[in-house]
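I opened my notebook beside this model and looked up a few things one by one. Come along and check each entry against the picture.

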Amino acid sequence: MEELIKRYEYEVVANDFDIAGSASSAIKRNLKSIGVDPGIVRKVAIVSYEAEINIIIHSKGGVMCLEIYRDRLTIRAHDNGPGIMNIELAMSEGFSTATNEAREFGFGAGMGLPNMKKYSDNFNITSSSDGTKIDIDIYMD
Ligand SMILES: Nc1ncnc2c1ncn2[C@@H]1O[C@H](COP(=O)(O)OP(=O)(O)OP(=O)(O)O)[C@@H](O)[C@H]1O
Ligand SMILES: [Mg+2]
């Protein structure tokens, strides 16, 4: 197993629109400050923002993690349920169960999961009523 250089973890609170995006902003800042390539930072910023917003608007809350390895970054978004009934459907472009409140904030296009996959080198999602786990790798070389 490859050595973990550094790990950051951020709590994400359900329905907290006021601080929505703060975990992904912190992840972006961290990577910039250690001099990660701007193109890589941009990809991580997109996937972590979409994952964070999904935890806020669709789940009971959870955590976001950034793990730094020599040759890759791993982003984990793990929440506490209620889970995704049909992952294939959820992954399709335009599918959304976002509430009217979330739509008023501009969310609900049904593009978050497809975009996360698009900008990931490895994208893994598992879900049950206990929660959804998304694990993403983005390579640095
Ligand atoms: N963490 C989650 N927990 C439960 N359901 C989720 C979670 N993430 C996504 N979903 C389900 O998958 C659907 C599609 O997610 P996706 O991120 O693609 O779109 P969206 O969040 O609805 O809209 P957008 O991301 O474009 O603002 C959601 O509408 C929701 O039904
Ligand atoms: Mg989304």
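**Entry 1: charged pairs**

Buried here means under 20% relative accessible area, exposed means over 50%, and partly exposed is in between (1.4 Å probe, protein chains only). Before going on, I noted that this is a predicted model, in which local features need pLDDT of at least 70 and side-chain atom pairs count only at pLDDT 80 or more, while totals for chains, interfaces and linings use all residues. I also noted that residues are numbered from 1 along each chain as its sequence is written, that chains are lettered from A and ligands numbered from 1 in the order in which they are written, and that side-chain values use heavy atoms, with hydrogens and water left out.

What do aspartate 137 and arginine 72 form with their side chains? They meet in a salt bridge, at 3.5 Å from N to O. For this term I used a side-chain nitrogen of Lys or Arg within 4 Å of a carboxyl oxygen of Asp or Glu. Aspartate 137 is in strand β5 (residues 131–139) and arginine 72 in strand β3, so this pair ties together parts that are 65 residues apart in sequence. I took helices (H or I, at least four residues) and strands (E, at least two) as DSSP runs, numbered from the N terminus.

Next I looked at arginine 76. Aspartate 135 forms a salt bridge with arginine 76, and their closest N and O atoms are 2.9 Å apart. Since aspartate 135 lies in β5 and arginine 76 in β3, the pair ties together parts that are 59 residues apart in sequence. Aspartate 135 counts as buried, at 17% relative accessibility.

Glutamate 67 also forms a salt bridge with arginine 76, again with 2.9 Å between the closest N and O atoms. Glutamate 67 is buried, at 5% relative accessible area, whereas arginine 76 is partly exposed at 22%. I then found that a network of salt bridges links Arg7, Glu9, Glu67, Arg76 and Asp135. My count of salt bridges came to six. A reminder to myself: side chains of opposite charge can pair when their charged atoms come close.

**Entry 2: rings**

I went back to arginine 72 and found it over the face of tyrosine 69, 3.9 Å from the ring centre. The rule asks for NZ of Lys or CZ of Arg within 6 Å of the ring centre and within 35 degrees of the ring normal.

How many aromatic pairs are there? The count comes to one. Rings of Phe, Tyr and Trp (its six-membered ring) pair if their centres lie within 6.5 Å; planes under 30 degrees apart are stacked, over 60 edge-to-face, and the rest tilted. The ring centres of phenylalanine 17 and phenylalanine 105 are 4.2 Å apart and their planes are at 10°, so the pair is stacked. Phenylalanine 17 lies in the loop between β1 and α1, and phenylalanine 105 in the loop between α4 (100–104) and α5 (112–118), so the pair ties together parts that are 88 residues apart in sequence. Phenylalanine 17 counts as buried at 11% relative accessibility, while phenylalanine 105 is partly exposed at 46%.

**Entry 3: the core**

I looked up isoleucine 27, which lies in helix α1. Is isoleucine 27 buried or exposed? At 0% relative accessibility, isoleucine 27 counts as buried. Leaving out residues up to four places away in sequence, isoleucine 27 touches Tyr10, Val44, Ser48, Met64 and Leu66; contact means heavy atoms within 4.5 Å.

The largest nonpolar core has 36 residues, and Leu31 and Met64 have the most contacts inside it. Such a core is a set of buried Ala, Val, Leu, Ile, Met, Phe, Trp, Tyr and Cys residues joined through side-chain atoms within 4.5 Å. α2 gives the most to this core, with nine residues.

**Entry 4: strands and backbone**

I saw that β4 and β5 pair in the antiparallel sense over seven bridges; strands pair if DSSP finds at least two bridges between them. A hairpin of two residues joins β4 to β5. Isoleucine 125 has isoleucine 134 in β5 as its bridge partner.

Last, I checked the backbone. A cis peptide bond joins glycine 81 and proline 82, with omega about 15°. Asparagine 15 has a positive phi, near 65°.
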